[in-house]
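Trainee: I'm new to this one. Can you walk me through it?

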Amino acid sequence: MRLRVGAGTHTGRVRALNEDAYMLGAADGLFVVCDGMGGAPAGEVASQMAVDAILRELRHRPPATSGPASGEQGFLPQTNRLAEVVRRSNAVIYDEAQKDPRQAGMGTTIVGVWIREQIAGVAHVGDSRAYLWHNNRLEPLTRDHSLMEAQIEAGLADEGRSLPVEQQNVLVRVLGREPAVDVDVTEVPVRSGDYVLLCSDGLTRMVAEPELAHAIRTYQDPQQICDQLIATANMNGGADNITVVVVKVTGGWWHRLIDRWKRSVRRGQDVETYAAV
């Protein structure tokens, strides 16, 4: 299994500062998108702090072996490890905010995916999202931790339409606001030809899911997909920072060998057809 990656971030057309951050670890199959909040410069600090903390934890701290952070049953080790470092990054941001009044209340959303052994493990907090493109269909892998989604889940709102507009994007869970945080975790199988899309809400607030699917279907190259989606979000208003990471799963060496063989067969058939003419 090989991964091809595209990524991009943009301030948008309204905000003066880009408070998003992302991390690409293609060699390890690890990708993260964060969307900071709390007022400049605290949001920018929180999102970058989350990315830095995850890198630091993965490189220098061994996995937990006991206790609630050691993982949930039914998930692969790398998925539990991803959730573990997200929890630890929450503690890092919270502790830092307590030390500096200028950063009080800062926080960040996060969505991360770790792709290994044909499995994509996803961990997320907030309203940054993950999607899977599989069998020509776009499937959401996360559910926003927003007031709107909480009311829908509780049966108190119909797709958020009963909520005032200013409340629909209020988050009920982010990194850094509390000493501990619940991290939602899921796993999905992936195969050659699938795409995983991670993004901040600056994309999904401006670009509907059918348009996300259309971009993947049309452009296919991960970087072209990212560039097109960012351009579309800006064309639709660019009301927030926009960050997009697209990962395409491609076959291993045997798939490349088969593709090379198919191309050689086609070339041979073209020569025979030309000779017959």
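Trainee: Is Gln 220 buried, exposed or partly exposed?

Mentor: Gln 220 counts as partly exposed, at 46% relative accessibility. Buried means under 20% relative accessible area, exposed over 50%, and partly exposed in between, with a 1.4 Å probe and protein chains only.

Trainee: Where does Gln 220 lie?

Mentor: In the loop between H6 and H7. Gln 220 is not a glycine, yet has a positive phi of about 65°. Keep in mind that this is a predicted model: local features need pLDDT of at least 70, side-chain atom pairs count only at pLDDT 80 or more, and totals for chains, interfaces and linings use all residues. Residues are numbered from 1 along each chain as its sequence is written, and side-chain values use heavy atoms, with hydrogens and water left out.

Trainee: What about Glu 117, what is its phi?

Mentor: Positive again, about 55°, and Glu 117 is not a glycine either. Glu 117 sits in the loop between S4 and S5. Glu 117 counts as exposed, at 60% relative accessibility.

Trainee: Back to H6 and H7. How do their axes cross?

Mentor: At roughly 145°, and the axes come within 9 Å. H6 covers residues 209-219 and H7 covers residues 222-235. Axes here are lines fitted to C-alpha atoms, for helices over the stretch in contact, and angles run from 0 to 180 degrees between N-to-C directions. The helices themselves are DSSP runs (H or I, at least four residues), as are strands (E, at least two), numbered from the N terminus.

Trainee: Is the crossing left-handed or right-handed?

Mentor: H6 passes H7 in a right-handed crossing. A crossing is left-handed if the near helix is turned anticlockwise from the far one by less than a right angle, and right-handed if clockwise.

Trainee: Which residues meet there?

Mentor: From H6, Glu 211, Leu 212, Ala 215, Ile 216 and Tyr 219. From H7, Gln 224, Ile 225, Gln 228, Leu 229 and Thr 232. Contact means heavy atoms within 4.5 Å. The contact residues divide into six nonpolar, three polar and one charged. Ala, Val, Leu, Ile, Met, Phe, Trp, Tyr, Cys and Pro count as nonpolar, Asp, Glu, Lys and Arg as charged, and the others, Gly among them, as polar.

Trainee: New topic, the nonpolar core. Which residues in the largest one touch the most other members?

Mentor: Val 86, Ile 110, Leu 175 and Val 183, out of 26 residues in that core. A nonpolar core is a set of buried Ala, Val, Leu, Ile, Met, Phe, Trp, Tyr and Cys residues joined through side-chain atoms within 4.5 Å. Elements that each supply at least two residues include strand S3 (30-37), helix H2 (77-99) and strand S4 (107-116).

Trainee: What does Val 183 touch?

Mentor: Ala 83, Val 86, Arg 87, Ala 123, His 124, Val 125 and Arg 173. That leaves out residues up to four places away in sequence. There is also a second, separate core of 21 residues, which includes Met 206, Ile 216, Leu 229 and Ala 233.

Trainee: How many disulfides are there?

Mentor: Zero, where a disulfide is a pair of cysteine sulfur atoms within 2.5 Å. Take Cys 226: the closest cysteine sulfur is in Cys 199, 9.9 Å away, too far for a bond. Cys 226 is buried, with a relative accessible area of 0%. Cys 34 also counts as buried, at 0% relative accessibility.

Trainee: And what does Ser 47 touch?

Mentor: Cys 34 is one of its contacts, and Glu 19, Asp 20 and Thr 108 are also among them. Ser 47 lies in helix H1. Ser 47 counts as buried, at 1% relative accessibility.

Trainee: Where is Gln 103?

Mentor: In the loop between H2 and S4. Gln 103 counts as buried, at 15% relative accessibility. Gln 103 touches Ala 42, Val 45, Glu 96 and Ala 97, not counting residues up to four places away in sequence.

Trainee: Last one. How many helices and strands does the protein have?

Mentor: Eight helices and 10 strands. Of its 277 residues, 47% count as buried.
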